[in-house]
Amino acid sequence: MAGNFVLIPQYLTTVFIVSIFLVGLSDQGTTFFPPKDIADKFRNDPETLKLASTDYGHIVHEIPSTVFHPTSANEIATLVKSAFNSSVPIKIAARGHGHSVRGQAMSRNGVVINMTALNDLDHLRKAGSRISVSRSPSLGFYADVGGEQLWIDVLQTTLTHGLAPVSWTDYLYLTVGGTLSNAGISGQTFRFGPQISNVHEMDVITGKGDFVTCSAKVNSELYYAVLGGLGQFGIITRARIALEPAPKRVKWLRILYTNFSQFSKDQERLISSNNGRSTTSSHKNYGFDYVEGSLLLNQGPPDLSFYPKPDQPRISSLVTKYGIVFCLEVAKYYGDHTAPITVDKELEVLLKGLGFVPGFKFVKDVAVVDFLNRVASEEQGLRSKGLWDIPHPWLNIFIPKSRILEFESAVFGHMILKENIPAGLVLIYPTNRNKWNDKMSAVIPEEDVFYVVSMLRSSGNNNWEEFDAQNKLILKLCVRMGIKFKLYLSHYETQEDWRNHFGLKWATFQDRKAQFDPKHILAPGQKIFN
Ligand code: FAD
């Protein structure tokens, strides 16, 4: 097997120590000597190796030779440089929070970097300590954030300054480096762009071990490569994230539809009427701050925890009657500058003319942190039932707006409703292409508006393949129908598939790889260049 090696610190020569490093390593016996100053940062105990060979997907398991626990960006640079200079091929994967679903942060027989170790320099360091908030005349407010930081810590730290990032993911226990390597999308994307559109600058350690600060103006090729670059070009150790004054509270609404074309028409209207940026103080001139959507399905009891208890029976009846109910979810932020009464008036205006089922509008008024961190309570619920650490054969797909009705009819109308394939949690919402920068590595459909469709299914340990086969069937169907979709959080097994995925961007992607990681050291779990 190519790429196998044995890690032996150069200065450790006693049989005892060497035998520790040999435990569980490859049978090839090629030797890589990490430099002396980082030699004590590797761990090979079974517990550590097991953690690094598992992710949220629970589908792929690749055992690394060792796990590196850096306490500084310099140590990461030292590791990558020595791998780059080594005659032995060495693969290195940065692991953020391991919330990939297909082994993207794994490195079979290679090195996994436990990025969260950057947070553990000593007992004084705690979550959020590598987050600092500043202001400059040209950028306004921003946060310098370690690549290993969780977005929940970014939120909590910036809120203490009355500030917050503007673009989020639904779930906040993901790392900054991890989401910036993909895109980072949610209901705010239509307005503020994905998280990768809200980064001023980054410190990156390239595949040559060079420590480079990059932005749209300085080392811009690396900057654009890394954003949405699937970890292929460098390891992000710091990102400068744009901040704006944080809203205090959120009007969080769900309105229900029984007709998809009306539902999607309304979603598209909402994302087109609020396609500009604003600060909290001027929110009233704008539409909603967040637009998403999901399905309520007649496949076992639907999750109705959002809705008032007395309303749950009539919602259940609607779901039973129609099989699928479409839930349009929106949020309107407000703060000190907007009194609740004013917001309610704005909501009235914004909802005017929408074609939801009369009487099926539900509003919550919550603190901003409760809205942004809303998935945490779902996580707790699933964990308590033992339903969190199980296989997740997820499908995330971007569908061009012009084909969404046909997609809906084939997948939701036929496969889910008629054939009753279990769909799990299904999200569906449109977003605007003009908020993405085409120079970035992230790949999206060509049309001005495209839909995010996420089928977030979980399965038992023995039947994820069944779900995976259904995912493949959906993709085949899209190909047959000529839908020019793009996968998000994609995983492919062959380079030909990756080439198709990147399309016109493939040549640039390859060139950038040759420039920044010519020995193909980084992020082998993505299986693009290995
Ligand atoms: P990991 O899984 O650890 O790593 C992902 C990839 O990035 C790997 O290739 C890794 O090598 C690389 N990487 C990690 N850190 C760095 C770094 N510092 N520098 C360079 N490369 C790095 N995504 C969304 O966009 N929107 C959502 O709403 C959303 N919700 C989610 C909800 C849940 C419950 C889960 C499990 C995932 C969700 N995701 C969402 C997907 C998420 O963005 C990805 O899983 C992403 O990879 C972040 O996870 P992570 O930080 O654990 O990264």
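**The shell around the ligand**

Modeller: In this predicted model, the residues of the shell around the ligand comprise 13 nonpolar, 17 polar and 2 charged ones. The shell has 32 residues, and the closest to the ligand are A94, G96, S100, T175 and Y488. Three elements, β5 (92-95), α5 (176-180) and β12 (234-242), each contribute at least two residues to this shell.

S100, one of the closest residues, has an N or O atom in its side chain 2.5 Å from an oxygen atom of the ligand. T175 is also listed among the closest, and a polar atom of its side chain lies 2.7 Å from a ligand oxygen atom. With H99 it is the backbone that takes part: one of its N or O atoms lies 2.8 Å from an oxygen atom of the ligand. Of the 950 Å² of accessible area that the ligand has on its own, the protein covers 95%.

The largest nonpolar core has 129 residues, and M202, L256, I399, F407 and F412 have the most contacts inside it. Strand β16 (residues 324-334) provides the largest share of this core, with 9 residues. Leaving aside residues up to four places away in sequence, F407 touches I399, F412, V453, I474, C478, M481 and I483. Another core, of 21 residues, lies apart from the largest one and includes F42, A73, V88 and I521.

Note on methods:
Residues numbered from 1 in each chain as written. Predicted model: local features only at pLDDT ≥ 70, side-chain atom pairs only at ≥ 80, totals over all residues. Heavy atoms only, no water. Near = heavy atom within 4 Å. Polar contact = N/O pair within 3.5 Å; in protein donor to acceptor, adjacent residues only side chain to side chain. Areas by Shrake-Rupley, 256 points an atom, 1.4 Å probe, with all protein chains shown as cover. Helix = DSSP H or I, 4+ residues; strand = E, 2+ residues; numbered from the N terminus. Nonpolar A, V, L, I, M, F, W, Y, C, P; charged D, E, K, R; others polar. Core = buried A, V, L, I, M, F, W, Y, C linked by side-chain atoms within 4.5 Å. Buried < 20%, exposed > 50% of the residue type's maximum accessible area, 1.4 Å probe, protein only. Contact = heavy atoms within 4.5 Å.
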